[in-house]
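Dear colleague,

Please find below the structure that I am handing over to you. A summary of the findings follows it.

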Amino acid sequence: MQLSPQNRQQLGQLYRALADKVLMPGDVNYLPALHQQGGVDVMAELATEIEFQDGGSVGVFTGQRGTGKSTELRRLEAMLKDAGCSVVFVDMSEYMFMYKPVEVSDFLVSLCGAFSDAIEKLCGGWGPGQTGYWERFQNFLNSKVELKELGASLSGVDIKATLRTDLLFKQRLQDGARSHVVQLIQDAHAFFADAVKQLRIQQGDLQRKVVLIVDSVERLRGDGSEANEMAVYESVRTLFFGHAESLRLPELHVVYTVPPYMSVLAAGPGLLMGGAVTRRIYTTHIFKDRTREEDPAGLALMRQVVALRHPDWSQLIQADALNRLAVSSGGDLREFFRLIRYCLPTVRDDSQLPLSKQAVAVAENQARTEMLPIPDEYLSWLQRISKSHAAELAVESHLPTLARFLDGRLVLIYRNGDDWYDIHPLLRGIVDAHVPSAADA
């Protein structure tokens, strides 16, 4: 029989309910237990740490894609505002070219510009004798021989747009700024101090804590080519370790999101920026500690997340089929939703509902194909990870490759008591069947 209008409507509702979006504080779809595993609320800890700090501070926050970082940062923002802080939230993906190597020069320019736009919006403009950062930066460019051409060719507004979209401009800025890095950093820090003062005056409290939450830095990654990805990873390491002190901003409590590979590339970025602890949210532990045995509690959480968005989901997909997709996602919420959504448009007949375990296999195959092919040397490494549940990092020069595994979610990080690694469930058959060569062993 054909698909009835009622079932078609239900499928559409579930499809839309599982769209990838950031949940704002108070959203009825938010499930605290999903992000506060083991009773640990990293956002509450971070908010308390900021409360206890007298001067400026740095917080570092990470997690793999699909774990809900942006949702948690919005919750942190709400907690800090409730505690009496002024909070500025910036999305760096709106100000940076995210797929090429980054340097401290273009990172700070983008960060200053983002903060400037936010302060101008909050304060309704700048006070007497003050200017926004884009005009200030244009004046900086015009004062340097190596950069004057860049400043003369663009207005302040154009600089903002060009930094995000024009790779040639980004490279020319990096090249020209290298001989002026110290001055650029000093000017950026002076701007932050001035802008914070402006905000405090506007809000009538010269002692108020001002917090800057810097989202989307974790999206810094290559464009698909291995050489470019490695260059991006190394540039991020240099940014957060070589220029850590420059990322501590005057008068501000800053929370940076960092890519999940940061803790692999080098340990303790927060230590270099004032002793902050790097806090992480994890993939939902749908497997018991260091095993492939399914964790009923984790699977129940994944079903509950779907139920919050569409209470009648069981009319459309069988419970064991939903569990199978949860397992196939590895506990990655974004991937879980994507797998379900992939299945829904394939339904053409009422007799197909609710979808069975066999019916959802097409979605699994599609997701698996997107991760292939994998070179033999990588398969050997993944095989070692699957057996030991450790990173199996042989030499430091392999760090960028492991970072690539984490960024591409070929390897997932769980926490059941402490951190452990495992390969993506959809790769198990391929990895298990691989026979390492003598060179890979």
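**Cysteines**

The sulfur of Cys123 lies 16 Å from the closest cysteine sulfur, that of Cys112, which is too far for a bond. This is a predicted model, and a search of the whole structure finds zero disulfides. Cys123 counts as buried because its relative accessibility is 14%. Cys343 is likewise buried, with a relative accessible area of 5%.

**The sheet and its helices**

Five strands make up an open sheet with parallel pairing, in the order E2-E3-E4-E1-E5. Strands E2 (86-91) and E5 (278-280) stand at the edges; each has a single partner strand, so one side of each is left without a neighbour in the sheet. From one strand to the next, the twist averages 20°. Three bridges join E5 to strand E1 (residues 57-62) in the parallel sense, and Phe61 stands opposite Arg279 in E5.

Helix H4 (residues 69-82) lies across E1, E2, strand E3 (210-215) and strand E4 (253-257), and runs at about 175° to E3. Helix H5 (residues 104-123) also packs on the sheet, where it touches E2, E3 and E4; its direction makes about 130° with that of E2.

**Asp332**

Asp332 is located in the loop between helix H15 (319-329) and helix H16 (333-343). With 1% relative accessibility, Asp332 counts as buried. Its side chain makes a polar contact with the side chain of Arg409 at 2.7 Å and reaches the backbone nitrogen of Arg334 at 3.1 Å. Leaving aside residues up to four places away in sequence, Asp332 touches Arg65, Gly66, Thr283, Met302 and Arg409.

With kind regards

Conventions. Residues numbered from 1 in each chain as written. Predicted model: local features only at pLDDT ≥ 70, side-chain atom pairs only at ≥ 80, totals over all residues. Heavy atoms only, no water. Helix = DSSP H or I, 4+ residues; strand = E, 2+ residues; numbered from the N terminus. Buried < 20%, exposed > 50% of the residue type's maximum accessible area, 1.4 Å probe, protein only. Polar contact = N/O pair within 3.5 Å; in protein donor to acceptor, adjacent residues only side chain to side chain. Contact = heavy atoms within 4.5 Å. Disulfide = S-S within 2.5 Å. Pairing = 2+ DSSP bridges. Axes fitted to C-alpha atoms, helices over the stretch in contact; angles between N-to-C directions.
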